[in-house]
Amino acid sequence: MKYGLNIAPTGALDFLSLGALVHRLDPGIIPFRKATHCHIHVSGGEFNVAANLSDCFKLKTGVASAMSDYPIGDLIAERVLAMGVKPFYKHFKHDGVAGPNMATVYSDQGHGVRAPVVFYNRSNEAAAMLKPGDFDWKAIFATGVRWFHSGGIFAALSPTTADVAIEAMQAAKEAGAVTSFDLNFREKLWKVSGGNDHAVKTIARIVENVDVLIGNEEDLQKGLGIPGPEVQSKSNFFGMIDNVVKKHSNVKVVATTLREVHSTNRHSWSAVAWIDGQNYVAPQAELDVIDRVGGGDGFAAGFIYGLLTGEEPEQAVKLGWSHGALLTTFPGDTTMATLDQVRSFAQGGSARIQR
């Protein structure tokens with residue numbers, strides 16, 4: 001046992017996530033009210049971690065999700081396979097008019113003093129229809145899954161999605177997998193799903209089954225109902241951990257990124273983790289950001305990779321910090337980095353040209 005976690009040495013899958021698959025429309029620096037074209041990024045807070053672990057870190061990963069059978073679903077399914085992620089789908093037939101749909105996320109990149117703006121069309125979303133019993137978790141985990149992951153975005157979609165996450169977490173624990181949960185608190189989603197009080201009660205039920213918790217100070221405050229200061233800092237984060245562990249004694253690891261936004265394209269970036277009673281801190285980097293979406297999922301992937309491969313805790317934090325930083329230099333939500341680039345930056349590499 002390492003980090004307080006009992007990580008299986010092998011498995012048919014190193015990592016399996018449960019969450020909604022979405023497509024993000026991105027008009028770049030142009031706001032939507034003036035946009036004439038968009039790029040399409042396939043995404044999902046939970047899926048992104050699986051995609052990153054497969055494409056950059058070369059682990060065997062899977063995603064359990066809903067899939068609506070129409071052209072947008074086909075587009076998303078193609079990208080899942082292109083990232084090397086094994087799909088486990090509950091299929092829904094699109095009626096050609098109203099759905100069920102694969103959700104759309106609208107997110108421009110902003111620029112300088114103009115912040116990015118994010119809004120959604122999750123009307124009649126296939127993933128929100130998922131309910132307990134839709135996946136044969138016993139059969140899935142019987143093949144050997146080392147790590148299972150889900151997140152607060154999926155839990156917020158409907159009254160039944162949280163129950164699916166709990167069902168999966170419990171099956172994962174029974175099968176001997178490590179479980180992780182990214183709080184990813186999205187106020188816009190919870191506002192239409194019962195509000196903040198309901199969010200705290202729902203997330204608490206999930207976190208009872210979680211070994212590794214990922215979330216920043218706002219996530220801990222709003223998602224777990226843990227009191228704390230408004231300003232992000234290393235000392236504030238560690239100061240909140242005692243309350244988190246007091247409330248959820250099963251949690252062995254808590255980690256987050258620390259991001260200070262000077263402008264849309266200039267961020268100070270660090271990361272911290274509490275691992276089995278010890279505190280670890282990554283360096284601080286000044287980032288020139290192209291697209292900030294997915295940076296947190298990039299951190300989660302690198303951090304989980306470090307834990308899965310038995311790296312020392314400080315190095316696991318640095319790998320997450322490095323990969324998350326690199327991800328903000330690419331357009332889109334999932335990685336374009338290589339493991340060599342991640343390790344180089346984690347060890348203090350520079351941006352000098354590579355000839």
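This is a predicted model: local features need pLDDT of at least 70, side-chain atom pairs count only at pLDDT 80 or more; totals for chains, interfaces and linings use all residues.
**Conventions.** I number residues from 1 along each chain as its sequence is written, and side-chain values use heavy atoms, with hydrogens and water left out.

**Entry: cores.** I looked up the nonpolar cores, meaning sets of buried Ala, Val, Leu, Ile, Met, Phe, Trp, Tyr and Cys residues joined through side-chain atoms within 4.5 Å. For burial I use relative accessible area: under 20% is buried, over 50% is exposed, and in between is partly exposed (1.4 Å probe, protein chains only). The largest core holds 57 residues, and Leu 18, Trp 137, Phe 181 and Leu 213 have the most contacts inside it. Helix α5 (residues 159-174) contributes the most to this core, eight residues. Another core lies apart from it and has 56 residues, including Tyr 3, Ala 50, Trp 269 and Leu 319. I take helices (H or I, at least four residues) and strands (E, at least two) as DSSP runs, numbered from the N terminus. As background, nonpolar side chains in soluble globular proteins tend to be buried together.

Entry: Contact here means heavy atoms within 4.5 Å. I picked Ile 76, which sits in helix α2 (residues 71-82). Ile 76 counts as buried because its relative accessibility is 0%. Apart from neighbours within four places in sequence, Ile 76 touches Leu 21, Val 22, His 23, Val 42, Met 67 and Met 102. I also took a C-alpha to C-alpha distance from Ile 76 to Trp 190: 25 Å, for 114 residues of sequence separation.

I then went to Ser 150 in strand β8 (residues 147-151). Ser 150 is buried too, since its relative accessible area is 0%. Beyond four places in sequence, Ser 150 is in contact with Leu 18, Glu 46, Ala 165, Met 169, Ser 180, Phe 181 and Asp 182. Between the C-alpha atoms of Ser 150 and Arg 266, which are 116 residues apart along the chain, I noted 30 Å.

**Entry: α7 against α8.** Two packed helices are described by the angle between their axes and the distance between the axes. The axes are lines fitted to C-alpha atoms, for helices over the stretch in contact, and angles run from 0 to 180 degrees between N-to-C directions. For α7 (residues 195-207) and α8 (residues 217-224), I found axes that come within 7 Å and cross at roughly 100°. That makes α7 roughly perpendicular to α8; the class covers 65 to 115 degrees, with under 35 roughly parallel, over 145 roughly antiparallel and the rest oblique. On the α7 side the contact is made by Ala 199, Val 200, Ile 203 and Val 207, and on the α8 side by Lys 222, Gly 223 and Leu 224. I sorted these contact residues into five nonpolar, one polar and one charged. The classes are nonpolar for Ala, Val, Leu, Ile, Met, Phe, Trp, Tyr, Cys and Pro, charged for Asp, Glu, Lys and Arg, and polar for the others, Gly among them.

**Entry: aromatic pairs.** I searched the whole structure and got 12 aromatic pairs. Rings of Phe, Tyr and Trp (its six-membered ring) pair if their centres lie within 6.5 Å; planes under 30 degrees apart are stacked, over 60 edge-to-face and the rest tilted. Phe 32 and Phe 119 are edge-to-face, because their ring centres are 5.6 Å apart and their planes stand at 75°. This pair links distant parts of the chain, 87 residues apart: Phe 32 is in the loop between β2 (22-26) and β3 (39-43), and Phe 119 is in strand β7 (residues 118-121). Phe 32 is partly exposed at 22%, and Phe 119 is partly exposed at 36%.

Phe 141 and Phe 148 are edge-to-face, with centres 5.8 Å apart and planes at 70°. Phe 141 is buried at 5%, and Phe 148 is buried at 0%. I also noted a cluster of Phe 135, Trp 137, Phe 141 and Phe 148, linked by ring pairs.

**Entry: backbone.** Most residues other than glycine have a negative phi, and most peptide bonds are trans. I listed the Gly 99 to Pro 100 peptide bond as cis, with omega near 5°. Pro 100 is in the loop between β5 (85-93) and β6 (104-107). Lys 58, not a glycine, has a positive phi of about 65°. Lys 58 lies in the loop between α1 (45-55) and β4 (61-69) and counts as exposed at 63%. Asn 184 also has a positive phi, near 35°. I placed Asn 184 in the loop between β9 (178-182) and α6 (187-191), where Asn 184 is buried at 11%.
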